[in-house]
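Hello,

The structure you asked for is below. My notes on it follow.

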Amino acid sequence: MNSAVKWAGGIILGLLALAAIAAIGIVLVANQKSNEQFEVEPVAVAIPTDAASIAEGQRQAIFRGCTACHGADLAGALMVDDGMFGTFYAPNITPGGVIAGFSAADWDLAVRHGLDAQGKPLVFMPSSDYAGMSDEDLGRIVAYVNSLPAADVVHPGPQPGPMAYALLASGQIPYEAAVIDHSVRAPASVRPEVSAEYGRYLAQTCTGCHGRDWAGGAVPGAGPDDLPAANLTPAGHLGSWTQEQFIDTLRTGTTPEGRALDPDQMPWPMAQVMTDDELAALWLHFSSLPPAPRGS
């Protein structure tokens with residue numbers, strides 16, 4: 001009996017040792033990826049100071065999702081607090097927060113490349129949504145942020161849990177900097193118009209949840225109770241909607257089928273500041289896409 005107990009105990013200790021080694025390896029790989037250095041030549045975008053540009057920057061900060069993560073006052077907010085995944089705050093990006101002392105080039109690195117000033121990846125900054133944002137629009141958003149009162153708020157840094165480490169190490173949740181083509185130069189400006197091309201430009205903000213082909217599926221980092229992102233190609237519900245129904249859905253948060261959209265999962269209220277022409281352009285873009293199965 002004693003031999004059997006010792007034998008079983010040895011197996012358990014061996015398995016625990018292997019699990020510990022695997023856990024250490026996962027953490028090391030995740031940390032290695034977080035310290036990867038990217039060589040990027042940033043663009044020092046022009047930052048306007050006139051009232052009209054600041055107002056437009058505020059509008060864009062809303063519909064491009066800045067306030068959805070960083071809070072209505074951009075002083076930061078808790079994004080995830082989960083024992084397995086970890087605790088993550090969107091930082092304070094008022095002049096009293098992490099952007100204090102930011103140059104125009106630093107803004108380009110952070111927003112369009114997902115990098116800090118040293119060229120290292122930022123955690124969960126969805127820069128692939130903004131990599132194609134024009135210099136003009138980025139400058140307007142920065143102008144608005146710079147105009148805000150400095151909030152004296154400091155949030156804790158990222159505290160990944162075992163699941164986050166595993167997903168980061170395996171690449172299932174890649175650092176944004178690793179999936180962006182940093183050699184592609186964003187446009188200096190984009191002319192607003194009711195066209196599929198302009199809709200595609202606006203729809204880049206939707207790719208973080210709906211995927212780069214807008215076919216939807218599981219959202220990276222979403223909780224087990226969260227619904228998958230909708231398929232925005234004609235293979236999804238939009239294939240049976242009209243343009244008017246699409247716009248009405250984003251205005252009211254209720255689909256033509258009578259389903260109420262959860263603003264915590266689909267932040268439809270941010271579309272309240274968008275114009276009908278912008279929403280029409282989005283519709284033209286999504287309607288022009290080839291039908292694709294969800295998560296393709």
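First, the basis. This is a predicted model, in which local features need pLDDT of at least 70, side-chain atom pairs count only at pLDDT 80 or more, and totals for chains, interfaces and linings use all residues. Residues are numbered from 1 along each chain as its sequence is written, and side-chain values use heavy atoms, with hydrogens and water left out. Helices (H or I, at least four residues) and strands (E, at least two) are DSSP runs, numbered from the N terminus.

The helices: α9 covers residues 243-252 and α10 residues 276-288, with axes 10 Å apart at an angle of about 120 degrees. Axes are lines fitted to C-alpha atoms over the stretch in contact, and angles run from 0 to 180 degrees between N-to-C directions. The pair is therefore oblique (under 35 degrees is roughly parallel, over 145 roughly antiparallel, 65 to 115 roughly perpendicular, the rest oblique). Residues in contact (heavy atoms within 4.5 Å) include Phe246 and Leu250 in α9, and Leu279 and Trp283 in α10.

The strands: β1 (residues 77-82) pairs with β2 in the antiparallel sense over 5 bridges, where pairing takes at least two DSSP bridges. The two form a hairpin with 3 residues between them. Gly86 in β2 is the bridge partner of Asp82, and Gly86 also stands opposite Pro160 in β3.

Regards
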